[in-house]
Amino acid sequence: MKRRDFIKIGAAGAAASTLAAPASAQGIRQWNMVTAWPKNLPGPGVAAQMLADRITTLSGGRIEVKLHAAGELVPGRGVFDAVSEGTAELYHAVPAYWGSKSKGILLFGSQPFGLRADEQFGWLYHGGGQALYDEIYGRFNLKPFLCGNSGPQWQGWFRDEIHSLDDLKGLKFRTTGLASEMCSRIGMAVQSMGPRDMFQALQTGALDAGEFIGPWSDSAVGFYQVAKNYYWPGVGEPSSAEECAVNATAYAELPDDLKQAVSYACESLYNPVWTEYTTKHAQALKQMVENEGVQVRMLPDDVVAAMADAAAEVMAELAEDDDELVRRITASFTAYRDSVGSYMSYADNGQMNARAKALGY
């Protein structure tokens, strides 16, 4: 797929009137999904269409979901407000975009040195996370669900090679969420922008580096054309959960079976989306290294250590936030991370390290 086939975003349409439509005489609800993504962007754009289709199917056609890509009805970063206000019934995006609403929201999406994709799902379903997720989004008239995950993200694309922490001082870098705060604390000049703008900024030199998702999505946008140094590990985002948020009023009006259809559509896509990312990330990385001259590089140890210290400061501040709900979210998140993380050292991490050593990866 060529970059231009899916990163063209039309001018944002006026959203002055409410799009939400009541059920028809036949009991069919016409729902509009707005997304934070260019249409059919490999990864999140594809996953958003899968979700729209699955809700329609699992509802037996009683909810017909029409997808609107970023810019078609509202800008990509405007989807939270659009659904909160009832301009559309649901959105597909990532929690990392909503830190201006509450920093507590950021813990449900991605966190520096935080939860992996399986741990994130485990926290919500078995560690009390979903009740907290519901509570904080309820402030904005939203009912949230996780519906996918990118798996481990990369530290990103750098125009120049990084040799030490000093090379990051003042470096203009695109990232999002709590990773933004971590990077700012070690002296990076953090900026937030969409994938198309990031490509153009790297091309012109307005950015020195930036991260988006991982090899599959990144190669489709074409970042390798303007920056050849691809750095790992992406400690800013050990995973990045994708979410669907439904207007709470519209959700409450559904009969119980349709509520279950929406919930299960989201839940049932988490693993398929996550494992598709993993599979296609591996394929895309191999192609970029072999055919596009991409140089895979590891972050220097002093950079990782400085990022760890900065991330610890960010989490400590969240634990003492003025908002009591943010403090409860942080406490729940931290307890689950430390409990499961200590076990993973023996289980998944131990197995992966042993396999890598045995097979020479």
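A salt bridge is a side-chain nitrogen of Lys or Arg within 4 Å of a carboxyl oxygen of Asp or Glu. Side chains of opposite charge can pair when their charged atoms come close. I will start from that definition and come back to it.

What you see above is a predicted model, in which local features need pLDDT of at least 70 and side-chain atom pairs count only at pLDDT 80 or more, while totals for chains, interfaces and linings use all residues. Residues are numbered from 1 along each chain as its sequence is written, and side-chain values use heavy atoms, with hydrogens and water left out.

Confidence comes next. pLDDT is the predictor's confidence in each residue, from 0 to 100. The protein averages 93, and 93% of the residues score at least 70. Residues 1-22 stay under 50. For that stretch the model has 44 contacts (heavy atoms within 4.5 Å) beyond four places in sequence.

Back to the salt bridges. By the rule I gave, there are 17 of them. Take R139 and D323, whose closest N and O atoms are 2.6 Å apart. R139 lies in the loop between α5 (129-138) and β4 (142-149), and D323 in the loop between α11 (301-319) and α12 (324-344), so the pair ties together parts that are 184 residues apart in sequence. The helices (H or I, at least four residues) and strands (E, at least two) I name are DSSP runs, numbered from the N terminus.

A second pair is R297 with E161, where the closest N and O atoms are 3.4 Å apart. R297 is partly exposed at 23%, and E161 is partly exposed at 35%. There is also a network: salt bridges that share partners join R116, D118 and D348. Within it, R116 and D118 have their closest N and O atoms 3.3 Å apart. R116 is partly exposed at 27%, as is D118 at 25%.

Now the helices. Two packed helices are described by the angle between their axes and the distance between the axes. Axes here are lines fitted to C-alpha atoms, for helices over the stretch in contact, with angles from 0 to 180 degrees between N-to-C directions. For α4 (residues 117-126) and α12, the axes come within 10 Å and cross at roughly 130°. Angles under 35 degrees count as roughly parallel, over 145 as roughly antiparallel, 65 to 115 as roughly perpendicular and the rest as oblique; α4 and α12 are therefore oblique to each other. Which residues of α4 meet α12? They are D118, E119, G122 and W123, and their partners in α12 include I329, F333 and Y336.

Last, some backbone details. W232 and P233 are joined by a cis peptide bond, with omega about -5°, and P233 is in the loop between β9 (229-232) and β10 (241-247). N40 is not a glycine, yet has a positive phi of about 60°. N40 is in the loop between β1 (29-35) and α2 (44-58). N141 also has a positive phi, near 60°, and lies in the loop between α5 and β4.

Technical notes:
Buried < 20%, exposed > 50% of the residue type's maximum accessible area, 1.4 Å probe, protein only.
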